[in-house]
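Reader: I am new to this structure. Please pick out the charged pairs and take me through them closely.

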Amino acid sequence: TLRYANRAKNIKNKPKINEDPKDAMLREFQEEIMRLKQQLESGGAMLDAQGNPVKVITVEKIVKVEDEERLKVVEEKIEKEKDELKRRVDAEMKKVQEAKNIAEDERQRLMEALKQKAQREREVKESQKEMIRKIKDL
């Protein structure tokens, strides 16, 4: 009837994709990856979710110093701390370098001792062979 036809005409269908939540998440991640790749290719400009460039506003805070002498004292203190840290770093670097040199010297000494020991063993083996040969000759 006419009422049924009118009601049927007013029905609005909303299509919905039957999709696994994990698949939906993967699809979203892939879309985000593509968006980020485009962002990199465009020179690293910030883009919103739709891919439109985002305007970045930089805010600077201006501080007015009332006491110039106090500022100079603080700057001098910072400079002294910086110099002290530099001296400490240099001292540590020297210690590390000396430890490295000591380790290298120790390694060289051990290598020399090992070579001498190997030479002595060769001499002992040769003397043993010589003695065995003399004993066989008797």
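**Salt bridges, and the helices that carry them**

Author: The side chains of E84 and R88 meet in a salt bridge, at 3.5 Å from N to O. A salt bridge here is a side-chain nitrogen of Lys or Arg within 4 Å of a carboxyl oxygen of Asp or Glu. This is a predicted model, in which local features need pLDDT of at least 70, side-chain atom pairs count only at pLDDT 80 or more, and totals for chains, interfaces and linings use all residues. Residues are numbered from 1 along each chain as its sequence is written, and side-chain values use heavy atoms, with hydrogens and water left out.

E84 and R88 are 4 residues apart in helix α3 (residues 68–137), so about one helical turn separates them. Helices are DSSP runs of H or I with at least four residues, strands are runs of E with at least two, and both are numbered from the N terminus. E84 is partly exposed at 32% relative accessible area. R88 is exposed, at 51%. The classes are these: buried is under 20% relative accessible area, exposed is over 50%, and partly exposed lies in between, with a 1.4 Å probe and protein chains only.

Helix α3 holds another pair. R107 and E104 form a salt bridge, 3.0 Å from N to O. They sit 3 residues apart, about one helical turn. R107 is partly exposed at 43%. E104 is partly exposed too, at 34%. Shared partners also join E84, R87 and R88 into one salt-bridge network.

Now to helix α2. R35 pairs with E32 in a salt bridge, with the closest N and O atoms 3.9 Å apart. These two are 3 residues apart in α2, again about one helical turn. An α-helix has 3.6 residues a turn, so residues three or four places apart point the same way. E32 is partly exposed, at 36% relative accessibility. R35 is buried, as are A24 and Q39 in α2. Seen down the axis of α2, the buried residues fall within an arc of 60 degrees, so they line one face. That arc is taken from the directions from the helix axis to the C-beta atoms. The face turned away from the buried side carries the exposed residues K22, L26, Q30, L40 and E41.

Finally, the whole. The structure holds 8 salt bridges. The protein has 3 helices and 0 strands. Buried residues make up 3% of its 138 residues.
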